[in-house]
Amino acid sequence: MLLVNEITYEFRDGLRVVDVAAKAKPGADLFIVNGHPVSSSFILEDGDSCWLIRKGEQPTADELERLLYARHSPGVHDKVKKASVGIMGLGGLGSPVAVALARVGVGHLLLADFDVVEPSNLNRQQYFIDQIGEKKTQALKYNLGRINPYLRIETVNVVLTEESIPALFNGVDVLAECFDGAEMKAAALRCALGPLKGKCFVGASGMAGFADSNMICTRKIRDRVYLVGDGETEARPGQGLMAPRVGIAAHHQANQILRLLLEVA
Amino acid sequence: MKIICNGKEMDVKDSLTIEKLVVDLDLNPATVVVECNGSIVLPDNYAEQQLSEGSVLELIRFVGGG
């Protein structure tokens with residue numbers, strides 16, 4: 001049996017993806033099998049999962065959610081859809097972490113920041129010029145909704161403190177520390193090792209400037225607690241924060257979060 | 001007396017406080033997470049909490065940026 005755009009389809013030996021498309025989705029010009037794009041002559045195997053897409057066609061709302069996840073490996077979507085992730089700080093780390101998790105389909109995001117979008121954010125953060133002055137929580141929620149409308153996104157527009165973090169984020173599966181300031185980074189880790197002990201936590205430290213990309217790594221420091229970054233390169237005069245390197249750290253965080261949700265870490 | 005700091009043995013003065021150790025190591029107490037004998041120490045207690053022979057410390061330093 002095959003699964004074609006989530007509908008079961010009878011399998012026979014030697015069946016090509018284009019043969020299935022001729023019946024199930026005439027005019028399809030993008031073929032994805034088990035999360036990977038293939039050519040039209042690709043020969044299917046029993047149990048394969050296929051998505052057949054007509055490029056440029058606006059899918060129905062019903063189809064869209066399934067199509068958004070066509071490139072995921074099988075089994076990923078069901079797990080992440082049920083998951084919730086808290087993101088503390090929506091700047092150069094938090095906004096790309098949120099975008100990556102929205103694209104991958106994490107079902108519930110809890111976004112926290114107190115600040116508004118300002119021009120100096122745009123060198124690395126996932127906002128737009130026409131959003132200058134808006135609350136980051138609202139601007140990011142809107143942007144994520146344009147990427148993936150099938151998520152539940154909650155926002156908290158407050159200044160987080162070491163005292164308020166445990167109660168606010170007690171319910172999430174994974175907590176992402178995406179603060180800018182080193183003092184709050186330390187405070188967040190104390191929460192993870194103290195009142196939130198046992199919670200999955202992914203923090204970050206050291207991603208300024210344009211030093212070697214490969215200095216940035218993901219380290220497990222305790223059971224379920226990870227720190228990303230090079231641990232050294234501090235944001236300071238002469239060593240600013242820029243999209244490439246902060247983005248590398250953010251995507252290390254996002255991937256570690258995904259690994260925790262998929263229980264491979 | 002001897003303590004273990006980040007896995008390494010260190011010779012330190014008796015009655016050393018966490019704050020004094022952190023400052024002696026050129027670290028900023030506000031940006032370091034301190035775990036002593038498996039428990040997180042809150043910054044308010046750095047000045048009064050003394051280390052003793054065999055104390056096992058983990059210091060995790062953070063730098064700003066995000």
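## Exercises on salt bridges and interfaces

The side chains of A:Glu57 and A:Lys25 come together in a salt bridge, 3.1 Å from N to O. A salt bridge here is a side-chain nitrogen of Lys or Arg within 4 Å of a carboxyl oxygen of Asp or Glu. This is a predicted model: local features need pLDDT of at least 70, side-chain atom pairs count only at pLDDT 80 or more, and totals for chains, interfaces and linings use all residues. Residues are numbered from 1 along each chain as its sequence is written, chains are lettered from A and ligands numbered from 1 in the order in which they are written, and side-chain values use heavy atoms, with hydrogens and water left out.

### Exercise 1

Work out which parts of chain A the pair A:Glu57 and A:Lys25 ties together.

**Solution.** 

Step 1. Place each residue. A:Glu57 lies in the loop between β5 (49-53) and α2 (61-68) of chain A. A:Lys25 lies in the loop between α1 (17-24) and β3 (30-33) of chain A. Helices (H or I, at least four residues) and strands (E, at least two) are DSSP runs, numbered from the N terminus.

Step 2. Draw the conclusion. The two residues sit in these separate loops, so the pair ties together parts that are 32 residues apart in sequence.

Step 3. Check the exposure. Buried means under 20% relative accessible area, exposed over 50%, and partly exposed in between (1.4 Å probe, protein chains only). A:Glu57 has 31%, so it counts as partly exposed. A:Lys25 has 9%, so it is buried.

### Exercise 2

Describe the salt bridge of A:Arg190 and its place in the chain.

**Solution.** 

Step 1. Find the partner. A:Arg190 forms a salt bridge with A:Glu162, and the closest N and O atoms are 2.8 Å apart.

Step 2. Locate both ends. A:Arg190 is in helix α7 (residues 182-193) of chain A. A:Glu162 is in the loop between β8 (152-156) and α6 (165-169) of chain A. The pair links distant parts of the chain, 28 residues apart.

Step 3. A:Arg190 is buried at 4% relative accessible area. A:Glu162 is buried too, at 18%.

Step 4. A:Glu177 and A:Lys185 form a salt bridge with closest N and O atoms 3.3 Å apart. Both residues are buried.

Step 5. Look for shared partners. Salt bridges join A:Lys25, A:Arg54 and A:Glu57 into one network. Over all chains, the structure holds 12 salt bridges.

### Exercise 3

**Solution.** 

Step 1. Count the contact residues. Domain 1 gives 6 and domain 2 gives 9. Contact means heavy atoms within 4.5 Å.

Step 2. Read the area. The domains bury about 650 Å² between them, 57% of it on carbon and sulfur atoms. Buried area is the accessible area (1.4 Å probe) that two parts lose on being put together, summed over both. In domain 1, A:Glu65, A:Tyr69 and A:His72 lose the most area to domain 2, together 70% of what that side buries.

Step 3. Find the charged pair. The interface of the two domains has 1 salt bridge. A:Lys81 forms a salt bridge with A:Glu65, with the closest N and O atoms 2.6 Å apart.

### Exercise 4

Describe how chain B meets chain A.

**Solution.** 

Step 1. Count the residues. Chain B gives 18 and chain A gives 29.

Step 2. Read the area. About 1700 Å² is buried between the chains, and carbon and sulfur atoms give 61% of it. On the chain B side, B:Phe62, B:Val63 and B:Gly66 lose the most area to chain A, together 36% of what that side buries.

Step 3. Find the salt bridge. The count between the chains is 1. The side chains of B:Glu35 and A:Arg222 meet in a salt bridge, 2.4 Å from N to O.

Step 4. Name the elements. On the side of chain B that touches chain A, β3 (32-36), β4 (39-41) and β5 (56-61) of chain B give two or more residues.
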